[in-house]
Amino acid sequence: MTTGTAPNAATPNQPTDCAGPHFVLSRPHGTVTAHGVTGTISDPTEAVARVRAGEAIAGALPFDVREPAALTVPGRLEITSAPLPVTARPEVPAVTVRRYLPAPAEHTRRVTDAVTRLRETSLRKVVLARAVELDATEPLDHRAVLARLVAADPNGNGYSVDLGAAGDDHRGVRLVGSSPEVLIRRQGATVTCHPLAGSAPRDSDPDRDAALGRALAESTKDLTEHSYVVESLKESLAPLCSDIEVPPGPVLTTTPQLWHLGTPLRATLRDPHVSALELALAVHPTPAVCGTPTDEAMRTILAVEGGRGFYAGAVGWTDASGDGEWMVTIRCARIAADGLGVLAHAGGGIVAASEPDSELDETTTKFGTIMAALGVMD
Ligand SMILES: C=C(O[C@H]1C=CC=C(C(=O)O)[C@@H]1O)C(=O)O
């Protein structure tokens, strides 16, 4: 499907397609590529109005939606029915870890403090993340990183977004990743989401791997952590949707690095004018990236971590009819405009029963998706 055509006009912050499309989202059921830019939008409310007026949009929402979004009105939205075709796994220049932010011991200390707080206050769950700064010896090509992410994922998940629409600080900056988590998808009146929460590492030995999956499915701590996300989604969707179908319990899903607990939800949209973008804004941030209660968890995260930028936000598109898909922005990295500096984040849901050392290990495993794509573990 294609929506309109327009030149790739160049204004100061405007993303361009000079080095490949400014937005690509590869999914098992299809790839959406935005070609050309007719406008940029940093205010999601304006984007909602533009979609209601019959325009398509694509891009990224930040974790804290009070910060600028990176959305474009594309000249043309190309939608295929297969993941991004990748014929060969391209080489990338050498990438090395500069430092972890905070240092691993400090992340463990933060988790310990959070566990105390979870036991003593009304906070039930909080997702704490840490970051890693990496350096490339030569400029990284985001197209090569995207191809490696898509090639490494049996489901073909991957995204690459030019963040320039968010303002001068983001000019030429790219967000690349491979998210397994569907925040929201709208196809006509059908609304689906697939929240994930609760994790265990994979193992190269099939028997040990299967045992890790079984243990996750029975883990009270992980089932509790997961339940907050499902409850939150049901609550956020209720005013906008009817017939919300929730399976009796979560199912196991996998990425090459991790097992996750996931719950596929399905609902019917009450008002056909409510677009995929509006639905994404209504449910974000879910307790898969923030916590429960949302406000208390958000305050805790901002106080402990500071800003997250586009990590733990949403990346996706909405077409002129309001259909679209938004993924939770995880398993990703920001590549600086010079292609040399990289910043990646990984987080995990903390509940009262969390163990700080396991939580640190979980974030290390989650970094594996982007580290492998950057060749750090080659
Ligand atoms: C916050 C992240 O993952 C979320 C998605 C799946 C499982 C999660 C968990 O088990 O904590 C997180 O909620 C991340 O990858 O940075």
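The following legends describe close-up views of a predicted model.

**View A. The annotated C-terminal domain, residues 105-366.** An unreviewed UniProt entry annotates this segment as "domain: Chorismate-utilising enzyme C-terminal".

**View B. The surroundings of the ligand.** The ligand is surrounded by 17 residues. Leu-196, Ser-199, Ile-330, Gly-347 and Gly-349 are the closest of these. At least two residues of the shell come from each of strand 6 (125-136), strand 11 (196-201) and strand 20 (341-350). By residue class, the shell comprises eight nonpolar, six polar and three charged residues.

**View C. The largest nonpolar core.** This core contains 105 residues, of which Ile-57, Leu-183, Ile-184, Ala-280 and Ala-344 touch the most other members. Strand 6 gives the most to the core, contributing eight residues. In soluble globular proteins, nonpolar side chains tend to be buried together.

**View D. The contacts of Ala-280.** When neighbours within four places in sequence are left aside, Ala-280 is in contact with Leu-61, Leu-183, Ile-184, Ala-314, Gly-316 and Trp-326. Ala-280, Leu-183 and Ile-184 are also among the core residues that touch the most other members.

**View E. Helix 5, residues 220-237.** The 18 residues of helix 5 reach 26 Å from the first C-alpha to the last, close to the 26 Å expected at 1.5 Å a residue. The buried residues of helix 5 are Asp-222, Glu-225, His-226, Ser-227, Tyr-228, Val-229, Val-230, Ser-232, Leu-233 and Leu-237.

Methods. Residues numbered from 1 in each chain as written. Predicted model: local features only at pLDDT ≥ 70, side-chain atom pairs only at ≥ 80, totals over all residues. Helix = DSSP H or I, 4+ residues; strand = E, 2+ residues; numbered from the N terminus. Expected span 1.5 Å × (residues − 1). Buried ≥ 20, exposed ≤ 12 C-beta atoms within 10 Å, placed from the backbone. Near = placed C-beta within 6 Å. Nonpolar A, V, L, I, M, F, W, Y, C, P; charged D, E, K, R; others polar. Core = buried A, V, L, I, M, F, W, Y, C linked by C-beta atoms within 7 Å. Contact = placed C-beta atoms within 7 Å. UniProt positions renumbered as here; feature names shortened; annotations may be inferred.
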